[in-house]
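This report examines selected aromatic residues and their surroundings. Please consult the sequence and the structure shown here while reading.

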Amino acid sequence: MVWWQAMILGLVQGFTEFLPVSSSGHLILVRELMGLNNGVNAQFNLMFDIMAHMGTLIAVVIVLFKPILDLFKKPFKRLAMLVVASIPAVIVGFTCKDYIEQYFSTAKYLCFFFLFTAVIMLVSEFLAKRNKSPQELGWGGAVAMGVMQGIGVFPGVSRSGSTIFGGTVAGTDSKQVATFSFLMSIPIILGSLFLSVLDAAQAGAMAQIDWFSIFIGAAAAFASGYF
């Protein structure tokens, strides 16, 4: 991967992260068009994607700084809801780790995951228009969003689209759903980064990783994501 390819991928990550279209799926798609998807680069590609997500995560922290601080206000209900909502994705991540890494290395199944995302977003739009009295985000909405985030860990299935679908089905106010959906990305991205770095360190691959390309990609993702 050369610097301009990393920049393009970073821009794609930033522009698609906050749309319900699966940024991970689009990274795989663009990488496929560049001829960068192969078994040799699988671990680097996964690390690159996670660090690109870190770039947009920094943008999330800046834009949603106040809601993040509000998580730590007594009685910590919203923080507890965030922890509970993160559990399904953690379970899926640990139990299906090998399968998820396999999907990250190929564009073979993207069409099916993209189609699934399109269907749930159409249903979300239909349900949101019919809901004349949206509710405050409660435990039911948080659990529904958490379950859908577990499904959204697969590339091509939009994480934000899935969580929005879960919150919409629970009848929650759309603005609260959107904000909580972005907050839910924080522990998942940080956890993915920790595990990816740990795997690379155990495999002795840290020195072989092209950190310059990763930095370019993460910086481009932050810039386009913040924009």
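## Phenylalanine 44 and its contacts

Two residues are in contact when heavy atoms lie within 4.5 Å. The model described here is predicted. Leaving aside residues up to four places away in sequence, Phe44 touches Met1, Ile209, Asp210, Ser213 and Ile214.

Phe44 is located in helix α3, which covers residues 42-63. Although Phe44 and Asp210 are 166 residues apart along the chain, their C-alpha atoms are separated by 7.9 Å. The relative accessible area of Phe44 is 15%, which is under 20%, so Phe44 is buried.

The whole structure contains five aromatic pairs. One of them joins Phe113 and Phe154: the ring centres are 6.1 Å apart and the planes meet at 25 degrees, so the pair is stacked. This pair links distant parts of the chain, since Phe113 belongs to helix α7 (residues 110-130) and Phe154 to the loop between α8 (139-151) and α9 (159-169), 41 residues apart.

Phe113 is buried, at 19% relative accessible area. Phe154 is likewise buried, with a value of 18%.

## A stacked pair within one helix

Phe222 and Tyr226 form a stacked aromatic pair, with 6.0 Å from centre to centre and 25 degrees between the planes. Both residues lie in helix α11 (residues 211-226); because they are four residues apart there, about one helical turn separates them.

Phe222 is partly exposed, with a relative accessible area of 29%. Tyr226 also counts as partly exposed, at 48% relative accessibility.

Notes:
Residues are numbered from 1 along each chain as its sequence is written. This is a predicted model: local features need pLDDT of at least 70, side-chain atom pairs count only at pLDDT 80 or more; totals for chains, interfaces and linings use all residues. Side-chain values use heavy atoms; hydrogens and water are left out. Rings of Phe, Tyr and Trp (its six-membered ring) pair if their centres lie within 6.5 Å; planes under 30 degrees apart count as stacked, over 60 as edge-to-face and the rest as tilted. Helices (H or I, at least four residues) and strands (E, at least two) are DSSP runs, numbered from the N terminus. Buried means under 20% relative accessible area, exposed over 50%, partly exposed in between (1.4 Å probe, protein chains only).
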